[in-house]
Amino acid sequence: MLFSRALIPTVKEAPSDANNVSHTLLVRGGYIRRVGAGMYDFLPLGLRVLKKVEGIVREEMDRAGALEILMPALLPADYFKESGRWDRFGDTLFRVTDRKGADLHLGPTHEEIVTDIARREIRSYRDMPRNLYQIQTKFRDEPRPRGGLLRGREFMMKDAYSFDATEEGAKKSYDDMRAAYMRTFDRMGLTYRLVAADSGAMGGSTSAEFQILADSGEDAIVACDSCEYAANVEVATVKAPPAAASGAAPAALTKVHTPKAKTIEEITAFLKLPASQMLKSLLYVAKDQVVMAVVRGDHDVNEIRLARALGVDEVFLASDADVTKATGADVGFAGPVGFKGRLLVDRAAAAVENAATGANASDHHYTGVSRGRDYEGEVVDIRLATTGDLCPACDKGKLKSYRGIEGGHIFILGTHYSAQMGATYLDEAQQKKPIVMGCYGIGVSRLVATAIEQHHDENGIMWPMSLAPYHVHIVTVGQDEAVIGAAKSLYHGLWSDGVEVLWDDRDERPGVKFKDADLLGIPLRVTIGAKSLAGGHVELKPRSERDPKKAELVPVGEATERVARMVHEALAPAPRASRTSVLPG
């Protein structure tokens, strides 16, 4: 493609609504343009990258034996009502009404629709295993679309669904998809970690996320420094704390006046105690019941684990009014001593002797608090794991925190949907049983942005070869006949060898061309100018090489073969261990 004939509207300024690197660079590089909140045009370069992602996903899904289908984006409400998600999805669901008054919605996901296919088309155990997938636009009414393509209201997704007769068969399908996902992300040149995760509104079990490691990631994960244990902090566990030491004599329960000291930071400073000696008490609403969750002062509540302990789908922080009603005090002074409602205490908090905590009275705290004498409560594991915690899976490891962006999610649904919707089969004994299902998603459009979050520098994007809109960027300096002739020869030679090339043929200053080349991030840049050409050379420089002095002089006659070989070698699969086994320090 000739730059002069392409639509590549690069701009110098970052968009005013951009709050991350990928959003900024995709807009500045002319890859995407905002249409509305969480909605974007893919311009030619952006679409080429999107198609690269789609192509790799499709090839690996087909290689794993999955069958591609396409389900509607506009769906009757009946299916979600049948599964119960019409109400559970809440405001996230885009709901519409047709001219006859029938309820419809835009598909955020397609478990119900694919289950309907299964109940109509699968009759016997002989019809399984099956795996159906699609690459299609999804719609979710995000309350705060952000991050450009990372969290939008309209996005491209690959969703696959497996159907098996047994749990063992479902586990085999799950393992096949896990291997396919690893090949997919390896081919994309992404550094990732497979972590234990929560299935959320989709239901099911045996859930894992493929977290693309990036400092800007909105997901927090922890991983052991000695074994393979890794998990999203929402579901991560930690080793139970040792039994409390009995060396310290029990202190008397004392009520202390602590004016205006509400936060952990304020009260630790006031009482001159470490946060680990504090009990942090938070009130939540669970199915109209106000409950208190108690964790150590240096820990945070894991709301997913709290909800599981309470046997509900989700919990919400209580309002200020609910806190005052339940404790009789202003917000910031809640505590377990004397609390009349349901009380859940984290294991680490329960082990703290002579603790300090809110006194359920405004401007007052208790000191000398110990469980068993001063309060009881249910002891559960309800805190977020963090750096330094002991690994729950091995004897010597400690957990370390990382940030990640969820690139894929795989989980076994079991019979969650098939049992509700009557998707059954006849087994060998002609007994009717529900189909065992699995679900496997990849955020296709999200990966366009995710790759940039992991591959960029201060000058622009640094695309992995497999995702780049073009493999090679030819930059001509000047309009000399010899320069143009050499560029044409290289351009056509590379295309003939299966290499995708963008040639910046514009009559522009070299500095402008070089800045655009760095911004666009195409992996290899070949610069052809009169000076180097007079010596029989062109300049070759990988985008990953930041030092401009590192450009290599390549003989003109060898340039086509040399550049093509570099491209083809870069597109060859890399060893998986180099991208997954070692987390960056």
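The C-alpha atoms fill a box of roughly 90 × 70 × 55 Å when taken along the principal axes, and of the 585 residues of the chain 50% count as buried. The secondary structure comprises 17 helices and 31 strands. Among the contacts in the chain with a separation of 6 or more, 69% are accounted for by residues 24 or more positions apart.

The confidence of the prediction averages a pLDDT of 92 over the chain, with 95% of the residues scoring at least 70. Over residues 577-585, however, pLDDT stays under 50, and for this stretch the model has 18 contacts beyond four places in sequence. Where pLDDT is low, the predicted coordinates should not be read in detail.

Salt bridges number 42 in the model. Several of the charged residues are joined beyond simple pairs, as Glu-59, Glu-60, Arg-63, Arg-183 and Arg-187 are linked in a network of salt bridges.

Within helix 6, which spans residues 167-187, Lys-171 and Asp-175 lie 4 residues apart, about one turn of the helix, and their side chains meet in a salt bridge with an N to O distance of 3.0 Å. Both partners are partly exposed, Lys-171 having a relative accessible area of 35% and Asp-175 one of 25%. A second pair is formed by Lys-280 and Asp-300, whose closest N and O atoms are 3.1 Å apart. Lys-280 is buried, with a relative accessible area of 16%, whereas Asp-300 is partly exposed at 44%.

A further salt bridge joins Glu-142 to Arg-151, with the closest N and O atoms 3.2 Å apart; Glu-142 is buried, its relative accessible area being 17%. Arg-151 is also among the residues touched by Arg-146, together with Asn-19 and Glu-218, when residues up to four places away in sequence are not counted. Arg-146 itself is placed in the loop between strand 7 (130-139) and strand 8 (154-164) and is partly exposed, with a relative accessible area of 35%. Although Arg-146 and Asn-20 are separated by 126 residues in sequence, their C-alpha atoms are 8.9 Å apart in space.

Another loop residue, His-110, is found between strand 6 (103-106) and helix 5 (111-121). In contrast to the partly exposed Arg-146, His-110 is buried, with a relative accessible area of 0%. Leaving aside residues up to four places away in sequence, the neighbours that His-110 touches are Met-71, Pro-72, Leu-75, Gln-134, Gln-136, Lys-138, Asp-159 and Tyr-161.

Notes
Residues numbered from 1 in each chain as written. Predicted model: local features only at pLDDT ≥ 70, side-chain atom pairs only at ≥ 80, totals over all residues. Heavy atoms only, no water. Salt bridge = Lys/Arg side-chain N within 4 Å of Asp/Glu carboxyl O. Buried < 20%, exposed > 50% of the residue type's maximum accessible area, 1.4 Å probe, protein only. Helix = DSSP H or I, 4+ residues; strand = E, 2+ residues; numbered from the N terminus. Contact = heavy atoms within 4.5 Å. pLDDT = per-residue confidence, 0-100.
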